[in-house]
Amino acid sequence: MGPGDLQRIISRLPEDTSPELLSSIHNGEDAGVFLLQEGLALVQTVDFFPPIVDDPYTFGQIAAANAMSDIYAMGAKPLTALNIVAFPCAIGTDVLENILLGGHSKVREAGAFMVGGHTIEDEEPKYGLAVTGVVNPSEMKTISGARRGDFLVLTKAIGTGVLTTALKGGLVTGEQISEAVQSMCLLNREAAEVFARHAVSACTDVTGFGLIGHLYEMARASSAGAEVWAAEVPLFQKTLEMASMGMIPEGESRNREYVRDSEAVADGIDEILIGCLYDPQTSGGLLAAVPPDALDPVLKELKSGPCPRASAVGVVTGEAPGTIRIKSKGV
Amino acid sequence: MDIDIDARGLKCPEPVMKAREALSGGGGTFSIMVDNEAARDNVTRFADTSGCKVEVESSDVGFMLRITPPLEAGETARSTVADAVARISTVVFIGGDEIGRGERELGTTLMKAFLYSCTESEDMPAAVVLMNTGVRLATENDEAISHLKKLEELGTEVVACGTCLDYYGLKEQLKVGRVSNMFEIQSILSSADRLVSL
């Protein structure tokens with residue numbers, strides 16, 4: 001099921017409105033937000049998926065970093081987390097223990113608490129977390145605030161979908177994709193702190209819809225267009241090579257289908273590179289719309305700190321809402 | 001035609017792994033059936049990258065891909081080219097941007113002169129493979145780029161190692177030839193009748 005299908009289904013769900021409800025299930029926000037009192041809102045999100053790396057502890061870390069990412073994308077702070085586990089009887093319990101230990105280590109690193117969870121039996125293991133956080137609504141980051149002229153800053157490189165597919169296919173070793181694995185384990189906390197200091201206009205995290213899919217959602221919610229500079233998008237080592245070997249996951253074509261009618265690609269851009277721009281990410285970076293005068297300090301703080309591969313990958317335009325133009329480079 | 005591999009119902013990357021297995025098995029042309037566009041595109045990308053010829057036929061039960069390995073595809077192409085092209089395939093392997101060990105200036109001059117000589121030669125190489133700093137010849141060195149372009153016009157295939165381009169941060173600067181990978185390069189080198197290594 002792709003983003004298009006999901007959107008159709010969600011659009012048919014009845015929408016609840018209330019003065020306390022600061023988010024809507026219909027606008028593609030990263031997490032649900034509920035106002036508790038003046039200056040304090042509850043932020044909730046959930047995410048889980050099957051293993052994408054061989055090592056259980058690392059998988060646990062990635063799943064937890066990924067689940068908490070939605071909280072950071074909203075400029076919020078995670079408080080508590082619940083484990084969600086599906087696990088087959090046939091696999092040793094030490095594997096599950098290591099997955100949970102990995103998850104726990106990231107929750108603790110985030111300064112949050114693991115407070116419980118639920119486990120069911122299933123043929124294929126799956127793991128993730130439901131995370132609860134808090135935010136001051138006046139400091140909350142949404143996907144709807146991007147303004148024409150803002151630069152689009154991406155904090156992590158792209159390619160986790162391609163590389164984990166190649167790992168599954170045996171074309172790369174865990175060692176060869178260690179850059180991507182480390183990146184997936186990295187919390188988006190510090191990047192979110194940089195964006196909070198510089199009051200960025202909008203923020204989201206890049207996950208299943210790929211860079212362009214999430215940018216498309218941001219552009220539509222902000223009633224703006226966007227230009228992407230393909231050559232400026234950081235890719236993990238071996239991503240292009242593996243994509244050219246046919247290791248692009250199925251989600252890529254669904255993501256592309258979702259954006260197809262709004263997308264225009266400049267001549268001469270490698271088709272394989274475009275595929276990577278739609279590659280579904282796990283625990284991807286944050287994508288923020290950064291006002292021009294804040295661009296230099298934001299990039300400097302990200303690069304010298306937690307995100308050495310951070311890059312300005314495009315700009316918000318005044319074109320029709322959701323229009324995405326892919327060019328090679330900015331002017 | 002008959003289906004050699006039925007990859008319907010398989011999830012990515014399995015259809016590609018099936019195609020890869022068939023290709024490395026050394027048999028000739030084979031067909032593979034897939035049932036979704038993502039698998040069709042991925043198997044096509046893999047086959048293209050591996051230097052194969054791909055024909056796609058769509059039907060209501062899926063997509064049939066007919067894949068012809070590089071050697072056969074090359075021979076078919078070659079037999080249609082006039083006699084000017086030698087029957088024996090020469091592959092030139094360039095593992096650096098200079099010839100020999102000594103003063104760099106001399107080494108790079110010699111390399112440019114060699115490439116120029118290739119363009120004038122009657123025995124055109126079937127392929128030029130660029131690895132390690134050899135990829136600079138197709139990205140940064142204007143004179144070498146123009147000789148390589150000339151070779152390409154004359155029917156030589158110019159391939160540059162993707163890992164090397166990545167390593168030197170030159171992927172976006174490739175001015176001539178196409179990006180390849182070790183799997184294909186290994187197959188080009190081992191299928192050469194005559195290998196010239198610099």
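Student: Which residue is the bridge partner of B:Val34 in E4(B)?

Tutor: Bearing in mind that this is a predicted model, the bridge partner of B:Val34 in E4(B) is B:Phe63.

Student: And how many bridges are there between strand E2 and strand E4 of chain B?

Tutor: Strand E2 of chain B, residues 30-34, and strand E4 of chain B, residues 62-68, are joined by five bridges, and they pair in the antiparallel sense.

Student: What is the strand order in the open sheet of chain B?

Tutor: The order is E1-E2-E4-E3, which gives an open sheet of four strands with mixed pairing. Strand E1 (5-6) and strand E3 (53-59) of chain B each have a single partner strand, so they stand at the edges and one side of each is left without a neighbour in the sheet.

Student: Which strands does helix H1 of chain B lie across?

Tutor: Helix H1 of chain B, residues 14-24, lies across E1, E2 and E4 of chain B, and its direction is at about 170° to E2(B).

Student: Switching to helices, at what angle do H4 and H5 of chain B pack?

Tutor: Helix H4 of chain B (residues 104-120) and helix H5 of chain B (residues 142-153) pack at about 20°, and their axes are 9 Å apart. Because angles under 35 degrees count as roughly parallel, H4(B) is described as roughly parallel to H5(B). Their crossing is left-handed.

Student: Which residues meet there?

Tutor: On the H4(B) side they include B:Met111, B:Leu115 and B:Tyr116, while those in H5(B) include B:Ala144, B:His147 and B:Leu151. By class, the contact of H4(B) with H5(B) has seven nonpolar, two polar and three charged residues.

Student: Now chain A: where are its domains?

Tutor: Chain A is divided into domain 1, covering 11-139, and domain 2, covering 151-327. The C-alpha centres of these two domains of chain A lie 21 Å apart, and their contact takes 21 residues from domain 1 and 20 residues from domain 2.

Student: Which helix gives the largest share of the domain 1 side?

Tutor: That is H2(A), with ten residues of the side that touches domain 2 of chain A. The domain 1 side has eight nonpolar, seven polar and six charged residues.

Note on methods:
Residues are numbered from 1 along each chain as its sequence is written. Chains are lettered from A and ligands numbered from 1 in the order in which they are written. This is a predicted model: local features need pLDDT of at least 70, side-chain atom pairs count only at pLDDT 80 or more; totals for chains, interfaces and linings use all residues. Domain bounds come from an automatic or database domain assignment. Two residues are in contact if their C-beta atoms, placed from the backbone, lie within 7 Å. Helices (H or I, at least four residues) and strands (E, at least two) are DSSP runs, numbered from the N terminus. Ala, Val, Leu, Ile, Met, Phe, Trp, Tyr, Cys and Pro count as nonpolar, Asp, Glu, Lys and Arg as charged, and the others, Gly among them, as polar. Two strands pair if DSSP finds at least two bridges between them. Axes are lines fitted to C-alpha atoms, for helices over the stretch in contact, and angles run from 0 to 180 degrees between N-to-C directions. Angles under 35 degrees count as roughly parallel, over 145 as roughly antiparallel, 65 to 115 as roughly perpendicular and the rest as oblique. A crossing is left-handed if the near helix is turned anticlockwise from the far one by less than a right angle, and right-handed if clockwise.
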